[in-house]
Amino acid sequence: MPPFFMNKRLIVLLLGIILLVALIGFSLRERENISWPEQFAKDMIGFGQNIVAKPAGYAQGLIGNVQDLTNAYTENQKLKSRLDELAQIEADVNNLTRDNEELRAILDIEEDLREFHVVNATVINGNPDQWQELITINKGQVNGIEPNMAVQTASGMIGRVKDVSQFTSTVELLSSSNPNNRVSALIQADETDEADDVTGTVEGYDPERKELMVKKIDSGEQVEVGSKVITSGMGGVFPKGILIGVVTEVSPDEYGLTQTAYVEPASSLYGMEHVMVVERIAAGQKDIDKDAETREAEEDEGEEEDE
Amino acid sequence: MKRLILPIFGILIFYSEGIFAMFSPIEVFGDNRFLVPRFLFLFILFLSVYYQSRVAYIYGFVFGFSYDLFFTGVIGIYTVLFPLLVYIALAILKLIHHHVIVVGFLGIILIAVLEWIVYQFNHLIGVTVVDFSTFLTQRLYATLIFNSLFILLLAYPFKMWMTNLRQTHLED
């Protein structure tokens, strides 16, 4: 053996580089969910993080309470002025809900893309190096969370579930520049008429403007500044109608074929403590495929029995 | 119990990074400033200088691996970078005097190197699109100041504590 390979340090270094490249390649490839050893390790580490995050959460809450106290007076004034409208709005909502149910019953529509239920979760940590915009929440597969579900706060959408282990899951925020992180969106030109809605996809984030970009809007469409942007419920597991943000600027793209709308996120993407994971009730394409598969399998079995 | 105190302290620092990250970025002078806690790396660096280098390599590898797995999801970066930077630090410290201030400065310089490598890597795989000047103003300066505070507060206590621990462990 030549003396070159006798150098122990060099061998360790070479092996290290090979291991590094292999592991990076392994973790960067396209995949539905992380592998079970990763899930297991994440659960083990997440268990401790959960415990450590509790006192930190209390401290954060305490600071928040003090800040709330200082704002209490102005907030009270604002709320009082809103209160008068509230009774009227409530009556309207009741009326509309009843109306909607009746009309649905007449038309025989069972599934609604808008319907969803939520799983409440607490954020237990952020990503310390802050390159990938990730947060970890304390709910996992046992709580019914699956990859790609939408995640929102009370004020609007913040991201989607990236991967899930048994007791924790990782959420990728909308502000991430990951090209796979796309959300099909609707821009509501006129809030009363759905036919005027403009479709587009939320693709990417402008870190300098701190705004989301909705791309691939047809250049013939009129998008007004101030329109609301919601999820469209198309393709995937998001329900329809989760607020994403408000349009602040519209500009044509470099070739003039499509337009890009800059959208200010409705919910702050930093410093949230409690989030909701949204599970759509209407079946997604995957469920339909799965149903078809099981049905086929049953039919096959039936045929075999016939033979 | 005495044997367990270092791992437990390491684990607590590991978790604290995830919690500190929830308060960042903060807005200073009209721009977002990302404060990246590198306490774990500093802890491992001080271990390598004032405790045992062998233990520091093991901690660097194990905590680096956990860091990749749990926080970033890209396995391999910190697993390699933590031990590698410890190796570089020890190589430099062979040439110069081991004063605690020198070690502190070296820590800050190595954090800058670490941040730069991680930035280049994330740029390469397309996780981030920010250019180098934005990286400097939004991240690097704020991160270095933030971690200098940690060094100012804890460098001397770390030194005393770890040298004490080493002596008691050697006597056993």
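This is a predicted model: local features need pLDDT of at least 70, side-chain atom pairs count only at pLDDT 80 or more; totals for chains, interfaces and linings use all residues.
**Entry 1. Chain A in outline**

I began with the secondary structure of chain A, which comes to three helices and 12 strands. Of the 307 residues of chain A, 29% count as buried.

**Entry 2. Domains of chain A**

I noted that the domain assignment divides chain A into domain 1 (36-111) and domain 2 (116-282). The centres of domain 1 and domain 2 of chain A, taken over C-alpha atoms, are separated by 17 Å. In the contact between them, domain 1 of chain A takes part with 10 residues and domain 2 of chain A with 11 residues. I sorted the domain 1 side by class and found one nonpolar, six polar and three charged residues.

**Entry 3. The barrel**

I traced six strands of chain A that close into a barrel in the order 1-2-5-4-3-12, with antiparallel pairing. On average, neighbouring strands of this sheet are turned by 45° against each other, direction ignored. Helix 2 of chain A packs on the sheet and touches strand 1 and strand 2 (134-137) of chain A. I recorded about 85° between the direction of helix 2 and that of strand 1 of chain A.

Within the barrel order I looked at one pair in detail. Strand 4 (residues 157-164) and strand 5 (residues 169-173) of chain A run antiparallel and are joined by five bridges. I found A:Glu172 in strand 5 of chain A as the bridge partner of A:Arg160.

**Entry 4. Strands 6, 7 and 8 of chain A**

I followed strand 6 (residues 182-188) of chain A to strand 7 (residues 198-206) of chain A; six bridges join them, and they run antiparallel. A:Val183 stands opposite A:Val202 in strand 7 of chain A. Strand 7 of chain A also pairs with strand 8 (residues 211-218) of chain A, in the antiparallel sense, over four bridges. Here A:Thr201 stands opposite A:Lys215 in strand 8 of chain A. Strands 7 and 8 of chain A form a hairpin with four residues between them. In the turn I noted A:Lys210, which has a positive phi of about 60°.

**Entry 5. A:Asp253**

I located A:Asp253 in the loop between strand 10 (243-252) and strand 11 (258-265) of chain A. A:Asp253 counts as partly exposed because it has 13 C-beta neighbours inside 10 Å, whereas a buried residue would need 20 or more. Leaving aside neighbours within four places in sequence, I found A:Asp253 in contact with A:Thr258, A:Gln259 and A:Thr260. A:Leu186 is 67 residues from A:Asp253 in sequence and 19 Å from it in space, C-alpha to C-alpha.

**Entry 6. Where chain A touches chain B**

I looked up the contact between the chains: 33 residues of chain A meet 32 residues of chain B. Helix 1 (8-28), helix 2 (36-107) and strand 1 (116-126) of chain A each supply at least two residues of the chain A side. Helix 2 of chain A gives the largest share of that side, nine residues. By class, the chain A side has 17 nonpolar, 13 polar and three charged residues.

**Entry 7. The largest nonpolar core**

Lastly I examined the largest nonpolar core, which has 87 residues. Among the residues that touch the most other members are A:Val151, A:Ile244, B:Ile44 and B:Leu45. The largest share of this core, 10 residues, comes from helix 2 (residues 39-50) of chain B. Beyond its neighbours within four places in sequence, B:Ile44 is in contact with B:Ala56, B:Tyr59, B:Gly60, B:Phe63, B:Phe82 and B:Val86.

Notes: Residues are numbered from 1 along each chain as its sequence is written. Chains are lettered from A and ligands numbered from 1 in the order in which they are written. Two residues are in contact if their C-beta atoms, placed from the backbone, lie within 7 Å. Ala, Val, Leu, Ile, Met, Phe, Trp, Tyr, Cys and Pro count as nonpolar, Asp, Glu, Lys and Arg as charged, and the others, Gly among them, as polar. A nonpolar core is a set of buried Ala, Val, Leu, Ile, Met, Phe, Trp, Tyr and Cys residues joined through C-beta atoms within 7 Å. A residue is buried if 20 or more other C-beta atoms lie within 10 Å of its own, exposed if 12 or fewer, and partly exposed in between; C-beta atoms are placed from the backbone. Two strands pair if DSSP finds at least two bridges between them. Axes are lines fitted to C-alpha atoms, for helices over the stretch in contact, and angles run from 0 to 180 degrees between N-to-C directions. Domain bounds come from an automatic or database domain assignment.
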